[in-house]
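Look at the two chains below. Start with the whole, then move to the place where they meet.

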Amino acid sequence: MPEFAFSDERLDNGLRLILSEDHTAPVAAVNLWYDVGSRHEPEGRTGFAHLFEHLMFEGSRNVKKGEHFALVEAAGGTLNATTWCDRTNYFDTAPSNHIELLLWLEADRMGGLLDGISQETLDNQRDVVKNERRQRFDNAPYGTWSEKLHWTVFPPGHPYHHATIGSMEHLDAASLDDVRAFFRRYYAPNNAVLTIVGDFESDQARSWVEKYFGGIPRNDDIPPPPDGTVEPVIGQEIRETVPDKVQLEKFFVGYRAPAYGTADLDALIMAIIVAGQGRGARLHRSLVLDKQLAKDVDANPWPFVGGASVAIATATARKGVPVADVEAAFHDVMAGLADGITDEEMARARGMVERYELMQLQAVSDRADAFSEYATLFDDPAMVNRRLDMLLAVDADHVRKVAADVFTNTNRVVLTYVPQEAS
Amino acid sequence: VTLVDQRPSSAPPRPWKFPAFERLRVDSGLHLILCHLPGRPLAAARLVLDAGGTTEPADQAGVGLLATRALPEGTEDLDAHRLAETMEGMGAEIRGEVSYDSMQIRLDVPASRLAAGLELMADVARRPAFKDVDVDRLRKERLDQLSQERSVPEALASKAFERSVFVPEAAYARSLGGDETSVGHLDRDKVEAFYRSRLEASAATLVVVGDLTGVDVAGIAERSFGAWPVGPFDAPSPNVDTVDAGRRIVLVDRPGSVQSALAIGHAGPSRRTPDYVAAGTMAMCLGGVFGSRLNMKLREEKGYTYGAFAGFDFRRHGGTFAARSAVQTDVTADAIVDAVGEIARTAEGGIPEDELAPVREYRVGVFPIAYERPAAVAIGLADMVVHDLPDGWFDSVRDELGATTSEHVSMAAARHIKPDSLAVVVVGDASRIADALAATDLGPVEPLTV
């Protein structure tokens, strides 16, 4: 893998700036991670960090409603933002002659958002977000599974006990005062990482960043992240049967898992690949190919930094196959990981992780997001050049041990979706 | 807080051209398109076959999709397990894709193992096992998937839309991938017969993009990819007749829905339409960028939806025009009236220069971003093969986009958008929306079960 050179510095106001030149194509990515996500939301305001992210596109001191999108698109650029439990990221990619415009736009909303918001834009985006919730959760088959895993894998009061999308009731309760308080608390230069990757000269980029972001004051009162300390395992099996508008029975299993940034989570990621990713994975071979019980299987990590992560696995029962049979076979496979992982399985998992990590660094926008992630979560942007090696270095015995600790019958939530008529 | 009030102006862009590529044909008959992108850590390849959905026998819709799913299940030499272990162990992914216009077998692999990846891809494409037990299992999984899609509002809307726009005998009325009836009758022999017949019917092209240093693609193509016929990539024209009906609302009941999925449109022009660029640009103004008419009206003004879109699906023998959204149940009729209003306003009044300019600039400017990854370049080159575009197309189309005027897009709107022929497909809770739909003056409400 190529080594990606970069610089790492801070403005006087605390804004962390990462620059990585790549002159392969005349494009550049501007990427901002704010160290705030749904785990930081105040009591009774689930969904607020994400609603706030929407408002960041609705105008600021010198940018009218809708103009942020319009200006970047008219520059031939692409843009978006996402909110997750640990962070909120904003990203623009454009032909490299427009970097200065992108920086001006990002600075205007980092410093001047409150000059652009109004009750009208809040009400409008509240409706949009409620429709996002309807489309992706409430009206979609199996759509509520992720929210239900948050509720059950983490105890009440835990920062990950609720999903990023939040509840309709809390979205309704959000006020302009909440917007102002959230902005003043978290949207400060010293709570952000700005990464620029692509076709530019670093000295020029530094002077633009100083010019546009330098006048935004730091906030010395950013609260520490919420305490996510939690038992490493759930301590019981939690089960729920969910009648839904579905044709096929399907279950989702969530396990409490080690925090992101630990060697144990890296080993668990490899265990998840061995068990549940790709055609050569144990679950696919057993449940789909050999026993023909499941139509499909999948497994994924939710890597969280604040206390514990989640490991997720899911299987859809073939029509006519009792979902309990699928689940029993599933638990057999997961328990079997504790007996050891073969060299062939590790080789397969390493091949998959190599392609996956190369994809994460492929385009300037991918790489910019990776630099911001590792700087924000681990104060270590150089992980961009080490992450693949960290995962490749995991050995089979560590995978076996972590799988034995995590995939147990006293550390899991099982959500079983069944057709409504059958309930 | 001190901010710079003055928005900066941008310097001219650094020049960009679509990556250079080379065409060859090896002695075994296979066409090659090679695009060398030094230093890229990932490489991509596509084998383009004339085996799209329109070439399937009418009673075997979905046979192509089933074939693509069976290909990576094993070859003459490697069973499913060994093939998966080999493929995934080298960091490769090989899978088939089907559109109405082509079948493509794609490879994504770290550049360091491109040669081995191409050898494996050849094995998958030319020596598939098509075992009875595998094809039968995949057929059942596909039937389960079709059953599952009956719960997905957007999938129901697409199915109802196809049936509302094209006559039942038309190739485009058959859902890509087939339905329960057609898939139910498929078996291993039909899958193999279809796949073999398409391999024998016409020329094929292998597109390879990435760091080709030290990789003898022509040698691998000659040795491993088998022999290919000389015939052109040109299957007979299928039936693409459209339903001749006025504007109507097609209502698919999905009780308990908290949103209604919409697909509003009619048949559209083929990829060969001379005003392809103007029509596509017009559709983006209507529903292809964040600031489009539909998204601004339904999302940013009314808050009815998370997003609203519109576009053409340009295929070789015809196509569709459709606006799509998912709107809150209570406002379904209002949202449809607004959407049809924006569509009609565009057809009748066109797009003025001030609205066109940002979309034109977006389309011209986004090329170097759109083609940054080797896999995206491979998709573009495969598209060039499928639609028989000239070699200089990617650069000439950019010039054409840059020269597009309000008059061009307004003429395309008048020609290709027919507000009086819209099929307004709604998938939602009929008990809560049917009365309001009937009260609009958009046309009769016709219930449909799909």
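The paragraphs below go from one chain, to a few of its parts, to the interface.

This is a predicted model, in which local features need pLDDT of at least 70 and side-chain atom pairs count only at pLDDT 80 or more, while totals for chains, interfaces and linings use all residues. Residues are numbered from 1 along each chain as its sequence is written, chains are lettered from A and ligands numbered from 1 in the order in which they are written, and side-chain values use heavy atoms, with hydrogens and water left out.

Begin with chain B. Its secondary structure comes to 17 helices and 12 strands. These are DSSP runs, numbered from the N terminus: helices are H or I with at least four residues, strands are E with at least two. The C-alpha trace spans about 65 × 60 × 50 Å along its principal axes.

How much of chain B is buried? Of its 450 residues, 61% count as buried. Buried means under 20% relative accessible area, exposed over 50%, and partly exposed in between (1.4 Å probe, protein chains only). Contacts are heavy atoms within 4.5 Å. In chain B, 82% of the contacts with a separation of 6 or more join residues 24 or more positions apart.

Now take one residue. B:T205 lies in strand β6 (residues 205–210) of chain B. B:T205 is buried, with a relative accessible area of 9%. Leaving out residues up to four places away in sequence, B:T205 touches B:L30, B:H31, B:I33, B:R46, B:L47, B:V48 and B:V385.

Next, a helix. In helix α10 (residues 293–301) of chain B, the buried residues include B:L294, B:L298 and B:E300. After α10(B) comes B:G303, with a positive phi near 70°.

Finally, the interface. Chain A gives 80 residues to the contact and chain B gives 78. Together they bury about 6,700 Å², 55% of it on carbon and sulfur atoms. Buried area is the accessible area (1.4 Å probe) that two parts lose on being put together, summed over both. Across this interface the rule finds eight salt bridges. A salt bridge is a side-chain nitrogen of Lys or Arg within 4 Å of a carboxyl oxygen of Asp or Glu. The side chains of A:R355 and B:E93 form a salt bridge, at 3.4 Å from N to O.
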